Amino acid sequence: MSLFKARDWWASVLGEGEEFDQGCLCVGDVDNSASGYDKIVVGSFMGMLRIFSPHPAKAEEPMEADTQLLEVQFPDPIIQVEMGKFVSCSELLHLAVLHPRKLSVYAVSGTAGNVEHGDQYQLRLVYEHNLQRTACNMTYGPFGGVTGHHFICIQSMDGMLMFFEQETYAFGRFLPGFLLPGPLSYCIRTDSFITVSSTRQVECYRYETLAVATDADTRQDSDQQSKSSGKRLTADWTLVLGEEALDICVPNTSSAMSSIFVLGERNFFCLKDNGQIRFMKKLEFNPSCFLPYGSVSEGSTNILMCNHNNMLLVYQDVTLKWAAQLSCVPVAVRVANFPDLKGLVVTLSSDGHLQCSYMGTDPSFFTAPKVDAREVNYDEVDTEMKMLQKVIRGATKTQDILPRAETEEELTLTAIVSSNLDEVSCAVISEMNGMPVPSVTVKVKIKSRSAVQSPKMTVCVQPPLAVTQDQFVLDSMGSGCELVLRFSAFLNGHYPPADLCGDIAVSYSSATGIPRVSQCKFNLPLRLVCYPSSAIKNAKYKITVDTNKPPVNLNEVFPDFSEKLENNESSALGFQLITGSRVIVLASKTSQRYRIQSESFEDIWLVAKELVHRFDQHFASLGVKDFQNSFTGPIPLPEYFETVDHHFELRVNVQKYQDLLSERAVQFRAIQRRLLTRFKDKTPGPLQNLDTLMEGTYRQVIALADAAEDNRERLIQAFTRLQSATHLLILLLSLWQGLSSEQTAILEATLLPLLQDTPQLGWEESVDAAVSHLLKTCLSRSPKDQAISLSTGPLTIPKDTSRLKKHITLLCDRLGKGGRLSLSSEANVPTTVMMPAGCESIPEPIVEQEEEPLLQQDATKYIKKKQPSKRVKSKSDSSKESSREKKEKDSAKEKESKVSSKESKKESSKESSKRESTKESKEPSKDKEPTREKESSKESGKEKTKVSRKSSVKVKEKKSDAGDG
């Protein structure tokens with residue numbers, strides 16, 4: 001806010017309820033008087049035209065009525081008023097008044113009065129033009145270099161520039177790419193028109209270009225200019241502003257150079273007449289209008305700028321020189337010369353406040369009100385201070401390092417899944433594979449502790465599960481209100497789900513308007529996706545879960561599945577998935593083991609998860625605290641990799657189908673162009689089987705599109721099956737190594753980073769990057785091998801899955817050797833882990849992680865290349881230690897003389913060790929074969945992990961090589 005106010009010289013309020021805009025104000029010697037002083041012409045949207053010749057009232061006298069020279073009421077609104085030499089036979093100034101559908105040119109004349117009432121002014125119509133299009137604004141000037149006269153250019157609402165050479169309509173041109181009209185101005189020096197289009201860029205059109213362009217009476221003519229005989233209308237230059245323009249002004253201050261001033265919503269631009277930016281000024285306010293005018297200093301321009309803060313600012317180029325406070329927000333500003341004072345600022349507001357003011361030093365002082373003084377009671381102040389210090393000490397004692405979260409939420413959610421299935425199923429697909437599809441009801445209780453506004457509940461389940469309603473729009477709830485909502489969940493796809501969990505979220509606004517979200521989870525029953533069935537003894541895929549307690553009756557653990565079976569066997573239980581295979585659970589009668597088997601590897605996941613969960617619940621209900629599930633191996637990586645390969649193959653097919661579709665589409669369009677050319681030819685010729693080729697190509701496009709859509713559906717199913725297999729792998733790893741909940745969460749975030757595949761990011765590259773990160777940080781062989789800086793390149797689909805399989809195998813090996821999963825960098829020291837009796841660790845080779853693995857077809861043969869034997873390594877180490885002992889025995893005096901000899905001995909020992917290692921690596925020793933045969937014979941009688949099987953495969957390969965030799 002400025003310290004100074006603009007000093008009022010003359011002011012008037014025009015009418016009541018009238019509206020004005022930036023084109024409604026004009027200043028000049030409209031009556032062509034001998035004195036040459038300016039008059040103010042104001043037009044309103046109500047059709048009222050007023051002309052003023054202001055002068056200040058004398059002291060202690062009311063404002064004289066003779067300041068208003070003329071007032072005329074027109075039937076049409078006045079959009080813009082301008083003064084210029086608009087009559088062909090006269091060089092006097094005339095008044096042009098623009099109406100929406102009419103342009104009128106008037107002559108204003110005054111007759112001297114013989115009585116005290118003063119002079120009499122008249123408005124005489126010289127000529128008018130009826131417009132065929134609704135006008136928006138106009139500009140004038142000596143178009144084409146004419147002297148002594150001014151032509152008028154009117155811009156219509158639909159983008160047509162209409163040119164009038166005084167009493168004659170010259171031509172009309174449509175602006176290319178027009179959408180909405182913008183400000184319009186004329187540059188005399190370059191004889192061009194400047195406007196700002198709806199694309200937020202300044203466009204310049206030369207008058208010569210407009211004159212020779214094709215005549216366009218309709219918009220269709222403008223679109224077809226390229227096919228006509230005339231030239232197409234193009235802009236001389238353009239400049240992108242990036243914002244809407246409020247006004248354009250081109251002051252005629254210099255004949256050598258002209259500047260184009262553009263007022264934007266947030267910036268102020270000054271351009272050269274060739275479109276280059278001279279300077280720009282970023283504004284910290286919302287401008288309303290501006291006016292450039294000549295400056296005293298050469299090479300600069302002064303700008304009057306008004307804003308919506310009732311401020312009048314004076315800039316010299318980009319430097320603020322003065323600021324003054326106005327009484328209203330102007331929409332138009334001009335500079336005028338009057339008899340008593342020159343250079344007055346004339347402003348007009350949108351509601352009709354017309355004001356003539358000048359810059360002055362009339363300060364507005366603000367006097368602060370006096371504060372009631374009171375005597376201070378020091379005893380009361382001391383008592384209050386002690387009480388506040390006591391409160392501060394109490395708060396300091398109970399304050400934590402981190403602020404405590406609110407214990408009570410404003411909205412609490414409780415989801416209750418019904419224990420029984422719905423009597424009447426709500427499933428969309430009533431039957432799958434000859435079995436009815438059930439549904440289960442979920443009841444959600446919403447209780448508010450305080451008032452909440454606009455709550456909305458969203459239910460989310462993983463496909464192929466679905467719910468009857470996933471969006472609920474609720475009414476605002478008061479304090480203590482409780483609401484119960486119900487929906488049903490069911491299976492809605494021909495493949496088993498990967499997760500039976502669901503999420504419920506309620507978004508709402510608190511009483512103070514703060515947006516918040518409350519969430520809860522629910523677990524759907526296993527009965528929703530499978531039925532009890534009879535047990536079979538043999539299956540392709542088998543997994544064994546061990547416990548530390550005697551075997552229990554499976555009918556007690558699964559009462560909801562055993563009650564409908566006729567033969568209630570306590571040691572076997574079957575689960576028939578509605579959209580999958582049969583899963584069997586067998587309990588050992590002699591040991592504490594349970595076997596889960598099925599014809600599909602990924603279908604085991606849901607039953608295995610339910611079995612482990614129900615075992616925990618069963619023994620917890622019996623009061624057993626030391627119950628523990630475990631898994632002794634082997635980790636089924638080959639079976640898991642089959643699922644990975646199937647998913648990756650479908651992802652590759654997506655790209656293949658997309659490429660084929662692109663090729664066929666290009667071919668189809670090329671045939672269409674050929675046929676169109678043949679059909680347009682005046683002399684028809686044979687089609688040369690182009691129609692048959694187009695029909696065949698069309699069928700290929702349709703067939704490829706159907707195949708791509710089918711592949712997309714199969715990819716969705718394959719990703720869900722991959723999720724199930726990955727969940728099963730995580731469960732087995734956690735049972736194998738007894739991982740904590742935090743480590744299991746890290747492993748799950750590593751192997752399941754995505755909820756769904758996208759064309760930009762897939763599961764394979766995401767998991768490969770995450771597993772590589774763990775192998776280089778918390779699962780590295782030693783702290784020295786940790787990667788200091790990790791690569792952060794873009795993730796792209798790999799060529800194959802061999803690298804991913806290698807990293808997952810290495811991850812399982814590091815976990816089997818006692819590696820800990822942690823997000824901290826210091827958690828890479830292996831811990832001592834008691835391995836099960838029948839499980840051996842995977843022999844990890846010493847290779848660089850950056851090596852590209854060779855593509856291996858069989859999933860069981862992920863074994864690294866043979867490395868130098870440990871014996872050679874020990875020899876080299878012993879030679880190094882002996883050389884170090886010799887160095888320590890040498891005295892300090894002879895140290896310098898013997899350095900070279902020691903280094904030569906060290907190098908010779910290294911070279912000898914290298915030669916021995918290369919010899920032993922090239923020529924397999926016969927002594928190693930009996931030892932390997934002994935190791936393989938020891939492993940033959942026990943249950944081996946996948947790792948031990950790999951070592952046996954390696955032994956067999958060695959034997960075969962020896963036999964061939």
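This is a predicted model: local features need pLDDT of at least 70, side-chain atom pairs count only at pLDDT 80 or more; totals for chains, interfaces and linings use all residues.
How does Arg 200 count, going by its relative accessibility? At 38% relative accessibility, Arg 200 counts as partly exposed, because buried would need under 20% and exposed over 50%. You'll find Arg 200 in the loop between β15 (192–196) and β16 (201–206). For background, most residues other than glycine have a negative phi.

OK, let me step back to the whole chain. We've got 965 residues, and 42% of them count as buried. The chain has 15 helices and 44 strands. And if you take contacts between residues at least 6 apart in sequence, 60% of those join residues at least 24 apart.

Let me give you one residue as an example of contacts across the sequence. Met 48 sits in strand β4, residues 48–52. With 13% relative accessibility, Met 48 counts as buried. Beyond its neighbours within four places in sequence, Met 48 touches several residues, including Glu 18, Val 42, Glu 71 and Ile 78.

Now some strands. Go to β12, residues 160–165, and β13, residues 168–174: they run antiparallel, joined by six bridges. Met 160 has Phe 174 in β13 as its bridge partner. Together β12 and β13 make a hairpin with two residues between them. One turn residue, Gln 166, has a positive phi of about 60 degrees.

Moving along, there's an open sheet of four strands, in the order β18-β19-β20-β21, with antiparallel pairing. Which strands stand at the edges of this sheet? Those are β18 (245–249) and β21 (277–282); each has a single partner strand, so one side of each is left without a neighbour in the sheet. On average, neighbouring strands here are turned by 15 degrees against each other, ignoring direction. If you zoom in on β20, residues 267–272, you'll see five bridges joining it to β21, antiparallel again. Phe 269 stands opposite Met 280 in β21.

Next, another open sheet of four strands. The order is β35-β33-β37-β38, and the pairing is antiparallel. Here β35 (471–473) and β38 (515–523) stand at the edges with a single partner strand each, so one side of each has no neighbour in the sheet. The twist averages 15 degrees from one strand to the next. Between β33 and β37 (residues 501–510) there are eight bridges, and the two run antiparallel. One of the bridge pairs is Gln 453 with Ser 509 in β37.

Stay on β33 for a second, because Ser 454 is in that strand and, at 47% relative accessibility, counts as partly exposed. Ser 454 also has a positive phi, about 50 degrees, although it isn't a glycine.

And what about the peptide bond from Pro 463 to Pro 464: cis or trans? That one is cis, with omega near 10 degrees. Pro 464 is in the loop between β33 (452–461) and β34 (465–467).

Right, helices to finish. Helix α6, residues 604–621, packs against helix α8, residues 690–737, at an angle of about 35 degrees, with the axes 8 Å apart. The crossing of α6 past α8 is left-handed. On the α6 side the contact uses Ile 604, Trp 605, Ala 608, Lys 609 and Val 612; on the α8 side, Ser 724, His 727, Leu 728, Leu 731 and Leu 735. By class, that's seven nonpolar, two polar and one charged residues. In general, an α-helix has 3.6 residues a turn, so residues three or four places apart point the same way. Keep that in mind when you look at the numbering of those contact residues.

Last stop is helix α11, residues 802–816. It has 15 residues and reaches 21 Å from first C-alpha to last, close to the 21 Å expected at 1.5 Å a residue. Is α11 out in the open or enclosed? Of its 15 residues, 14 are buried, so α11 is largely enclosed by the rest of the structure. Just after α11 comes Gly 818, with a positive phi of about 100 degrees.

Terms used: Residues are numbered from 1 along each chain as its sequence is written. Side-chain values use heavy atoms; hydrogens and water are left out. Axes are lines fitted to C-alpha atoms, for helices over the stretch in contact, and angles run from 0 to 180 degrees between N-to-C directions. A crossing is left-handed if the near helix is turned anticlockwise from the far one by less than a right angle, and right-handed if clockwise. Contact means heavy atoms within 4.5 Å. Ala, Val, Leu, Ile, Met, Phe, Trp, Tyr, Cys and Pro count as nonpolar, Asp, Glu, Lys and Arg as charged, and the others, Gly among them, as polar. Two strands pair if DSSP finds at least two bridges between them. The expected span of a helix is 1.5 Å times one less than its number of residues. Buried means under 20% relative accessible area, exposed over 50%, partly exposed in between (1.4 Å probe, protein chains only).
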